[in-house]
Amino acid sequence: MLNRKLITLMNEQMNKEFYSAYLYLDFANVYESKGLLGFANWHKIQAREEQDHAMLFYQYLHNNNAEVKLMTIESPDVRNAEAINGTNIKGEKLQDLLRASLKHEEYITSLINNIYSVAQELKDYKTMQFLDWFVKEQGEEENNFQNLLVKAQLFCDDSKGLYLLDSELAARTYTAATLTV
Ligand code: FEO
C-alpha cells in the first residue's frame with residue numbers, strides 16, 4: 001500500500017504533467033499562428049510525451065490500489081506572455097519563449113525530486129525505482145530545451161537561420177515512453 005503523502009504528491013504530479021501537455025500545446029499554438037510549423041510540430045510532440053508521463057502516474061497509482069483524482073488542469077497563457085508581444089518571434093523573443101519552457105522543465109524536475117526524496121524517506125524502494133525513469137527523463141528534457149535555446153541564440157537572429165531551425169524541428173517524430181508500469 002502506498003503512503004498517503006506519496007499518493008497525494010503523485011496525483012498532483014499527474015495533474016502537472018497534464019498541465020505540461022496543455023502548456024506545450026499552447027506553445028505549439030503560438031508557433032503555428034506565426035507560421036513556424038516546425039516549432040509547432042516539435043511542441044505538439046512534446047505535448048504528447050507529457051500526456052504519456054501523466055498516464056504513467058495514473059497507471060502506477062491504479063496498480064498500487066491507490067485512489068486517482070483527476071483535478072482541474074490550469075489554463076496556460078503563453079499567448080499573453082510578454083515574450084511574444086509584437087509581430088514576430090525571431091531572436092530575443094524566441095529565446096524568451098524557449099527560456100520559459102526550460103524554466104518550466106526545471107520546475108517539473110524539482111517536483112519529481114521532491115517525490116523521490118519522500119519515497120526515499122519512507123524507504124519505498126518500488127516507488128523510487130518507478131521514479132528513476134522520470135529523473136532520467138527530466139535530465140533529457142532540460143537538455144532538449146537548453147540545446148534549442150543555444151541554437152536559437154546562435155542562429156535565429158535572421159530569417160534564414162530561423163527557417164533552417166524550423167525545418168530541423170519539423171522532422172521530430174513521436175515515440176511512446178519506454179517505461180511500462
Ligand atoms: Fe513530463 Fe516535461 O516533464
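Tutor: We can start with a pocket. Helix H3 gives the largest share of the lining of the second largest pocket, four residues. Keep in mind that this is a predicted model.

Student: Which residues line the second largest pocket?

Tutor: Its lining consists of Tyr19, Leu23, Phe27, Arg99, Ala100, Lys103 and His104. Two elements, H1 and helix H3 (91-121), each give two or more residues to that lining. About 160 Å³ of space lies in this second largest pocket.

Student: How do the residues of that lining divide by class?

Tutor: Four are nonpolar, one is polar and two are charged.

Student: How much space lies in the largest pocket?

Tutor: The largest pocket holds about 260 Å³ of space. H2 and H4 are the elements that give two or more residues to its lining. The largest share, six residues, comes from H4.

Student: How many residues line the largest pocket, and which lie nearest its centre?

Tutor: The lining has 15 residues, and those nearest the centre are Glu49, Trp133, Glu137, Glu140 and Thr178. By class, the lining of the largest pocket has three nonpolar, five polar and seven charged residues.

Student: With charged residues in view, what should I look for next?

Tutor: Look for pairs. Side chains of opposite charge can pair when their charged atoms come close. In this structure there are five salt bridges.

Student: Where in the chain are Glu49 and Arg172?

Tutor: The side chains of Glu49 and Arg172 form a salt bridge, at 3.3 Å from N to O. This pair links distant parts of the chain: Glu49 is in helix H2, while Arg172 is in the segment after helix H5 (159-169), 123 residues apart.

Student: Are Glu49 and Arg172 buried or exposed?

Tutor: Both Glu49 and Arg172 are buried.

Student: Which side chain does Lys44 meet in a salt bridge?

Tutor: Lys44 meets Glu32, with 3.1 Å from N to O. This pair, too, links distant parts of the chain, with Lys44 in helix H2 (residues 37-63) and Glu32 in helix H1 (residues 4-33), twelve residues apart. Lys44 has 36% relative accessibility, so Lys44 counts as partly exposed. Glu32 counts as partly exposed because its relative accessibility is 38%.

Student: Which side chain does Glu140 meet in a salt bridge?

Tutor: Glu140 meets Lys136, at 3.5 Å from N to O. Glu140 and Lys136 are four residues apart in helix H4, so about one helical turn separates them.

Student: Why does Lys136 count as exposed?

Tutor: Lys136 counts as exposed because its relative accessibility is 60%; the cut-off for exposed is over 50%. Glu140 has 38%, so Glu140 counts as partly exposed.

Student: How far from Glu137 is the nearest side chain of opposite charge?

Tutor: That side chain is Arg172, 6.9 Å away. For a salt bridge the nitrogen must be within 4 Å of a carboxyl oxygen. Arg172 does form a salt bridge with Glu49.

Student: Which residues does Glu137 touch, not counting residues up to four places away in sequence?

Tutor: Glu137 touches Glu49 and His53.

Definitions and conventions. Residues numbered from 1 in each chain as written. Predicted model: local features only at pLDDT ≥ 70, side-chain atom pairs only at ≥ 80, totals over all residues. Heavy atoms only, no water. Buried < 20%, exposed > 50% of the residue type's maximum accessible area, 1.4 Å probe, protein only. Lys, Arg positive; Asp, Glu negative; His and termini not counted. Contact = heavy atoms within 4.5 Å. 1 Å grid on protein atoms, 1.4 Å probe; cavity = no way out; pocket = protein on both sides within 12 Å on 5 of 7 lines; lining within 4 Å. Points joined across faces, edges and corners; volume = space filled by probe spheres on them. Nonpolar A, V, L, I, M, F, W, Y, C, P; charged D, E, K, R; others polar.
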